[in-house]
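Please have the sequence and the structure open while reading.

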Amino acid sequence: MESVTVKNFRCFREEQTARLAPLTFLVGENSTGKTSFLALLRALWDVAFREVAPDFREPPYDLGSFGDIVHDRGRDEAQESDGFEVGFECLKSKADAKMTYHDSLFFRATFREKQSVPFPVSRSFSCSGHWVKTYATEDGGIAVHFGTPEKEWERKITPAFPFSQGDRLTGLMPILDALTPSKSSEGRPESDESVSRADIQMIFDSLLPLDFFGYPYAGSPVRSSPKRTYDPIRPSRDPEGEYIPTYLANMARRNPRIWATLKSDLEKFGKQSGLFDEIEINSFGNTAGGPFQVHIGKRGKKSGGNARNLIDVGYGVSQALPPITELFNPDPTPLFLLQQPEVHLHPSAQAALGTLFCSIAGPERQLVVETHSDFILDRVLMDIRDKTTDLRADDVSILYFEPNDDRDVTIHSLRLDERANILNAPPGYRQFFADELWRSVGL
Amino acid sequence: MCAIVDANVRDEVFGGASSEAGKFFLDWLRRPNGGLLALGGKLRQELSGLENFRRIYDLLRLNGRIVDIDDDVVDAETAALEALRICRSNDAHVLALARVSGARLLYTNDQSLQDDFGDPRIVANPRGRVYTTRLRSDVRPTHRELLERADLCAR
């Protein structure tokens, strides 16, 4: 995603657009909407690419019911709220024999209340002047407004195509199929309102396929506690990373090739961060499904040390493992949503996280990190300034969430120049830190 | 607006030995609607000898209040400026920093550098202005006016 637009959602009253980059940081005081913003990114992914109505209570986020999610001006003004509007811009690739082109695809959705939760009652896609906007009709069907740079049309397709079935929304592709005139209609005289197969094909080619695979990883700031001995569990992702030890054990026992790479990556980060030098899985019994322990080795400078159980080393190690393992996961996760990955980590390990983010983030793996850590941010700035990463200044966005007196929030999209100087910081950005330092140095 | 602090007022601004006008300038760097500080080249080493400055610099950088210029860029501009042989002062590195960073306000008590900074052949578009406590260390109307100007930057 290149940018996200939000209006009337949580603390974001006015319509505003935030710039996203391969590596985006969300910074600002507590209760300024950073976590809501992360939840919104996942919801947008759901409604645009997975074509499902998003669950705003799915862990690790719980934004509550519709009344908790829509901006509260409706309640304050004793009138019914219209709902909220959200959207994004992303780059859509097209290739011909000679080169690959990128066009901006714009997506927008309007949510209204349906059985006390938000439901997307309209969705629109547009790219290169071709667009489709779908609305839910009162009878449960779909009204479609669509067009090309030259013409536009309106149709209602119902009842064969319901707007949704349960949480599943009727996808863009079947909608366009339904709008396509049959071959038998070819050759008939066209009226002004006629839509041709060629028109639909142009729209189809502009908007589809929505080839954004995978599912965002959403990590929680609260992670599962370490255990001395683990019984394997179903290794499906959870925000607190409870499945991570089982995932590591499965790799170590069943997939030595992937485990060798993963272990090497983890140990490299462990050394850079000062957290550990070695990670091992100790199995009990002969079966791959038996209990196991995670052992962590950290050597002294002069002498080697024995590996110790994960529960016997600093808490930071077990707390860092879930997000780190996810970042090294060979399965391509397109969008990482991380909340305060720095918790429990020494500043040196926080800084190492910054370098790790720089090495992972890119066009195929977008990282959005909510953080209060100056050490992470500072390391990223230095790595970009000193060109120790392939990431360029444009590849980083800092979103500063600034509350006003009414607790409405403005999102400032801060950019970097090639020396990693932070540009366009608004007045008052990090004023607290300045006041503290001035006091500290006695000036 | 973007400013440069010369090494000869380093202690006066950042060192706790502040004059009234020095404190006024430092407060301008801190306050929400204050200015930017340019740094790079030899001046970086000159100012970094002061621990307070290093701490303030680290903070201002994260706060988006530093215009950090690559030392090599400043050094190259310094050499080019020296080759012109038009500087009276021996602070071509400060003038070079102004030329490459766009900073057009200089805090200095060096008369020769003050003259060079006002020389449109050296610093122009807009012309450089000088904040000084060489004659008066209290806060004068000229000090206030200089820090309220929004046009002293070529960026």
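In which helix of chain B does B:Tyr57 lie? B:Tyr57 belongs to helix α4 (residues 51-62) of chain B; helices (H or I, at least four residues) and strands (E, at least two) are DSSP runs, numbered from the N terminus.

This is a predicted model, in which local features need pLDDT of at least 70 and side-chain atom pairs count only at pLDDT 80 or more, while totals for chains, interfaces and linings use all residues. Residues are numbered from 1 along each chain as its sequence is written, and chains are lettered from A and ligands numbered from 1 in the order in which they are written.

B:Tyr57 counts as buried because it has 20 C-beta neighbours inside 10 Å. The cut-offs are 20 or more other C-beta atoms within 10 Å for buried, 12 or fewer for exposed, and in between for partly exposed, with C-beta atoms placed from the backbone. Beyond its neighbours within four places in sequence, B:Tyr57 is in contact (C-beta atoms within 7 Å) with B:Leu39 and B:Ile66.

In chain A, helix α5 (residues 197-207) has the buried residues A:Asp199, A:Ile200, A:Ile203, A:Ser206 and A:Leu207. They fall within an arc of 125 degrees seen down the axis of α5(A), so they line one face of the helix; the arc is that of the directions from the helix axis to the C-beta atoms. On the other side of α5(A), A:Ala198 and A:Gln201 are exposed.

These elements are among those that cover the buried residues of α5(A):

| Element of chain A | Residues |
|---|---|
| β6 | 117-127 |
| β7 | 130-136 |
| β8 | 142-147 |
| α4 | 172-179 |

The contact between the chains takes 21 residues from chain A and 17 residues from chain B. On the side of chain A that touches chain B, α11(A) gives the most, with five residues.

Definitions and conventions:
Two residues are in contact if their C-beta atoms, placed from the backbone, lie within 7 Å.
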